[in-house]
Amino acid sequence: MQELINRAKEMLDDGTVARVLGWKAGDLPYNPEPAYFEDAESLKDFVYNGFCGANLSKYMIEASKLEGKTLVFLKPCDTYSFNQLIKEHRVDREKAYIIGVGCKGKLDIEKIRAQGIKGIESIEGAEITDDADTLKVQTIYGEKSCAYADAMLERCHVCKGKEHKIYDEQIGESKETKDGERFDEVARIEAMAPAEKFAFFQKELSKCIRCNACRNVCPACSCRKCVFDSNKFDSAQKANVDSFEEKMFHIIRAFHVAGRCTDCGECSRVCPQGIPLHLFNRKFIKDIDELYGEYQAGDDTESKAPLTNYTFEDAEPSIVGKRG
Amino acid sequence: MYKIAKENLSALFRLIADSQELYLPVKTAGQVNFAAWSEEAEVALDTLKSVKSPKDAFFPQSEGLYTVRREGKKMKVEPEELKSQDFVVFGMKACDVKGLEVLDNVFLADPIDTFYAARREHGTIVALACHEPEESCFCKVFGVDAADPAADVAAWMIGEDLYWKALTEKGEALTKKVKELLSDADETAVEAEKEAIRGIAEKLPYMNLSLDGWNGDALSEKFDDKLWEELYKPCLACGTCTFVCPTCQCYDIKDYNTGNSVSRYRCWDSCMYSDFTMMAHGNNRTSQMQRFRQRFMHKLVYYPANNDGMYSCVGCGRCVEKCPASLNIVKVIKAFQKQGGER
Amino acid sequence: MSIENKSFRPKIVAFCCNWCSYAGADLAGSSRLSYPADVKIIRVPCSCRVNPMFILRAFEKGADGVIMCGCHPGDCHYSTGNFYARRRMTLLFSMLDYIGVENGRTRVEWVSAAEGVKFSDTMNSFVEKIYSLGENVRLGDLRCRN
Amino acid sequence: MQRIGVFVCHCGSNIAATVDVSKVAEMALMEPGVVHAEDYQYMCSEAGQAKIADAIHEKKLTGIVVCSCSPRMHEATFRKAAERAGLNPYMVEIANIREHCSWIHKDMEEATKKAVILMRAAVAKVNLNTPLQPGESRVTKRALIIGGGIAGIQTALDIADAGYEVDIVEKTPSIGGRMSQLDKTFPTLDCSACILTPKMVEASAHEKIKIYTYSEVENVSGFVGDFTVDIRKKARSVDMDKCTGCGVCQEKCPSKKAPSEFNRGLNNRSAIYTPFAQAIPNVPVIDREACIKFKTGKCGICSKVCQAGAIDYEQKDEIITEKYGAIVVATGFDTINLDKYDEYAYSQSKDVITSLELERVMNAAGPTHGHLERLSDGKAPKEMVFIQCVGSRCSDDRGKPYCSKICCMYTAKHAMLIRDKYPDVNVTVFYIDVRTPGKNFDEFYRRAVEQYGVNYIKGQVGKVIPQPNGKLLVQGSDLLDNRQILKEADMVVLATAIEPNPDVRKIATMLTASIDTNNFLTEAHAKLRPVESPTAGIFLSGVCQGPKDIPETVAQAGAAAVKAIGLLAKDKLMTNPCTAHSDELLCNGCSTCENVCPYGAITYEDKEVNDHGIREVRRLAVVNSALCQGCGACTVACPSGAMDLQGFSNRQIIAEVDAICR
């Protein structure tokens, strides 16, 4: 972490960048927040640890409008989002100096809480430099421990890889955290009977409170004004009014980001109700891979997106009923 | 003071639900929220904080107001009926109950919100003391005692029993209805539990937060502070904080066209949203900084200014736990404090 | 078919592109090839104009089935419109299937201006399918039922 | 709020027999916005139209719904009627209660119910209609032809004869194209140069035609009627105005080792050269790659011998920017590369040649001065084998999936000419099928077989093996006799597949004209608009659109010319107002819409917007309504809903959906 701070100081000092976009230590052991640092002094609050899950790519939309370059720290998975934003002309590559930071898997405080750990005072083992497999948690109810892997965000268990897809320089090593296949859960649902599928999603989506956190955090949902906020479709954009609107919202949201979603997992990370929203996006990704050839959004800044592309021989929609 | 063995709680719930609706913390797909009790419901009384506050038992996230139906070229207006059946909300926490006090000041003041008033009138609250408060809690800052909730009935979960104490007439009435399941108890265990809870609260990092400088008179000083420009930056402009909050009371009124009729309904709004208080001329607050500032100024300055110094935050800590960008009211208060210290 | 289903009359929305399928429907009409009155056609310039939101909206408002018809792939009046529509609908239908909506409620059929017979056959078989599936309860908005 | 009039047509008994029309009119009055409803025997009749006009005046109608036959039938009629009565024609919507209702339903109650719903949907839509105005754009009365082969020349002549200015841009130093390389033409066997040269001369002499040879299109912007094109005139190193075309420079040029493009590399040319004797313009160019002066700085002989002083070593490329109303692509073809067909020994033996090379061999101006001889040793061949479909109709990725169309006929021509001139030479043709549709084509082929004794064998050649004795062993099969054939030949001629000129991809991108997987330009409609590109103002002439022979090319060239003339004859273009429009405040500038637009109608501009007080420069999609055809692909691709289609807006379609589902 010190290396990141030193490098950031250097670049602020020599004027290469006007500001640094990173994470600022929180007031609890697990709540650092995305933050801008404009001078060396402020960097004393800079932090980079296991709880810095927030994908900073989307903040670069606003940072691109500011004077001068912004130094931004991106984890390997964040770089896909950044590439996608370049492709959609939403960020300015020239305005960014990207330091690809290593990642050993990001932590989910909810998963720690789910193990009955509460009254947290401090957490050891979340530092990026730590090689510990276990988190040591001091609580007012005594010391608890928790396996690092058990506290990781879902997305880290199906990590896309350690490679930064775009960067100006790299600092820090990444760790292999993948221990699952990202389409397994989708396949499991696909295999259910219709009534069972319906019950599953009904149960999950009935929790939705339309807070729009999933949408607002999503780097692909970069619309200046969301269709659900515009009066053209007169949707109940903030009311969980009935059994269908939520579904419509989440289906359309997934559809709008289909072929653009990099599967960064932010939607599921931020959902206050713990809805596994990535299951919608991954369904589209899985379909696209199977029907139109493997495609990873954000792999590059040039390739044609699946939904703005076609071949004469594309599958007919009737394939949906036939695939079984 | 009464008590009931935990193993008999389902019998208690069944008995209450026999005569009226019963809302209590229920776990659905891994998350605990207040919901109507049913035999199948997975009741989760041990959960400290439901994701959403239980305020929507009294002020639902969306509720119909009236329906306009077309009959030929004529219109017929059908107002939504006010709540007329009694119901019980079981398991609210001290902070949530205090939250209703905040809402009361708004909705029960003139002009009275009849929908809210009817629910308040017909609702009986059984509040549960917080057995193990957590690091995100700061109710004490707002004068809330997690150990001793002020509701119609106060309850404590101690060991294998739930202790029950009616505090109001409504509470007495409910007690009467379920008397057959309750047995007499003395207060010793409860007093010990209260002490334990207060002891824990002392150790929690946020409990002794200072609100110095935050009051109804701090308007221009706080409003014009440059600090907001920095604080709002990570804000995603989602409505999570608002929608989990027990005291946020803003709502929007919208129409839904069913084809044969138009239903007018209201739904919670969030000052974090860009269309909040949108008017014909546009919007008062055009930047996220202004919207972000609004939320905290409302809770800590505007509301106290209009309500004899009472804040419209109860320190439940839901926003602390749920904000996707890890922002919250505590960080805001601390940031101003820190700045004040450095000045 | 249950007794209830006998009184069930489905609402079916058909999106037809102006150049092929709408003309195909016209030909079915001028050839007096009947299909159930439950089908109501909305004219769009091209199948690529059909936004998935329109389809979900139809279901929300009480439709029991939605069918989209366009020119045969390769014959699009705008040369490529139906290729995009095909991908969009495939993904949308797959998603609906994934969340447990019976996939028979949605269909895409390519019908040329010369295929009046195909148009009427398609509508007959689609309506039959919707009758067998019964009322759409999984997607509708309850408020629209009164 | 609109004031809508609903007019229900009986269509005699066509509608009224199954639909209770008065009930439909009665129900219409219940709909929001409807202030007038009536039914009438024939709405499309003059009396019916008068009723509409009267109601517009009397009831101050702002919108009209006609419940009648298909809009494909009478939408235009009713729109005109409304317009005459002073209403914007796009305020009219049709509810199709005949083809989609009365004609297909028998039960009156059911049909009436449906007619009411269709009427409601149309009313719901009209409630959201807005008056639309067709746009206007000016037309530059000049056409650009890209490619100076027979297709380009013919199109240019036809357009110029109609009185419009035409510029031809040709990449090589002379116009003439592939046809100038041909010796004789089927099925009449007249000399190619004899029929082409007069056309070349006519084009160069035409006062309306300007020819840019040794030039390429560099950039295209604008749209139908108003294209702006940058043309790169490559440095010729010879002053076109001074050169007299005497040819001395070419004779004296000491560098004579550059392969002659015109003769397909079968012989060499000088560094300063005109491609062929009849070249137009008859002004040489210096091939700077081959020129000693350019390579070493020494020499300069051409400059010394040029009495006109036309040699200019300092000449630079020049960019000419010109405006055009129409662009015709006539970029032609080339033969495919044979690297993947090594079994025919093309690269191993000089005596295995392509048919186009044989054209040069047979031509008096060619490398052998028209004598049929082996290129390896100059000996006269006795056995010649022709192999058909080399790279055509190919199922793998070595060749092309399509039929090159011209090979059967030119091979018959070659066989016939050889047998005629050299009766002692045996000619064998291996073929898959002989395809001779065309006027006098099959007669021609049969003459080759029956009159000239050409030996046609149905079967493919597996291998051509060069022998130590200089001969070529051809291994083939005879499918009709079901036997293997081993034949020694002196020369083998490959009917090599043709493909669009490789440069066409670049040009298509500049023009935003779509192109298929084989690099042929796509026509706007395969059957009904075969000489137009889907991109308005772009026309297709010759093989760039698909394989064709000379008469077809000339016919298509004429057709393309007529289409271009039809455009140039207009002073202004009226554009369809049902086009896409982007809401500036909602647009993200993400380029998704651009990627699905088949017409290249969407571009991006950095524009300053005032978004509720926030002023900033944003990248925004801009739809060129002159190019947009109104398909709506962009509207669905747009995630924010910024892109909408006039006449078929999101809200209008949703209103129809709602009306049907309620």
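In what order do the 4 strands of the open sheet of chain D stand, and is the pairing parallel or antiparallel? The order is E2-E1-E3-E4, with parallel pairing, where strands are DSSP runs of E with at least two residues, helices are runs of H or I with at least four, both numbered from the N terminus, and two strands pair if DSSP finds at least two bridges between them. This is a predicted model, in which local features need pLDDT of at least 70 and side-chain atom pairs count only at pLDDT 80 or more, whereas totals for chains, interfaces and linings use all residues. Residues are numbered from 1 along each chain as its sequence is written, while chains are lettered from A and ligands numbered from 1 in the order in which they are written.

Strands E2 (34–40) and E4 (92–96) of chain D are at the edges and have a single partner strand each, so one side of each is left without a neighbour in the sheet. Ignoring direction, neighbouring strands are turned against each other by 15 degrees on average. Strand E3 (63–68) of chain D runs parallel to E4(D) and is joined to it by 5 bridges; D:Ser68 has D:Asn96 as its bridge partner in E4(D). Helix H2 (46–59) of chain D packs on this sheet, touching E1, E2 and E3 of chain D, and its direction makes about 160 degrees with that of E2(D); axes are lines fitted to C-alpha atoms, for helices over the stretch in contact, and angles run from 0 to 180 degrees between N-to-C directions. H5(D) packs on the sheet as well, touching E1, E2, E3 and E4 of chain D.

Chain D also meets chain C, with 39 residues of chain D in contact with 35 residues of chain C, contact being defined by C-beta atoms, placed from the backbone, that lie within 7 Å. Among the elements giving two or more residues to this side of chain D are helix H5 (108–126) and helix H18 (650–661), and H18(D) gives the most, with 8 residues.

In chain B, an open sheet of 8 strands has mixed pairing and the order E3-E2-E6-E7-E8-E9-E1-E10. Strands E6 (87–92) and E7 (123–128) of chain B pair in the parallel sense over 5 bridges, and B:Val88 stands opposite B:Thr124 in E7(B).

Chain B is assigned domain 1 (2–203) and domain 2 (219–342), with bounds that come from an automatic or database domain assignment.

Conventions:
Contact = placed C-beta atoms within 7 Å.
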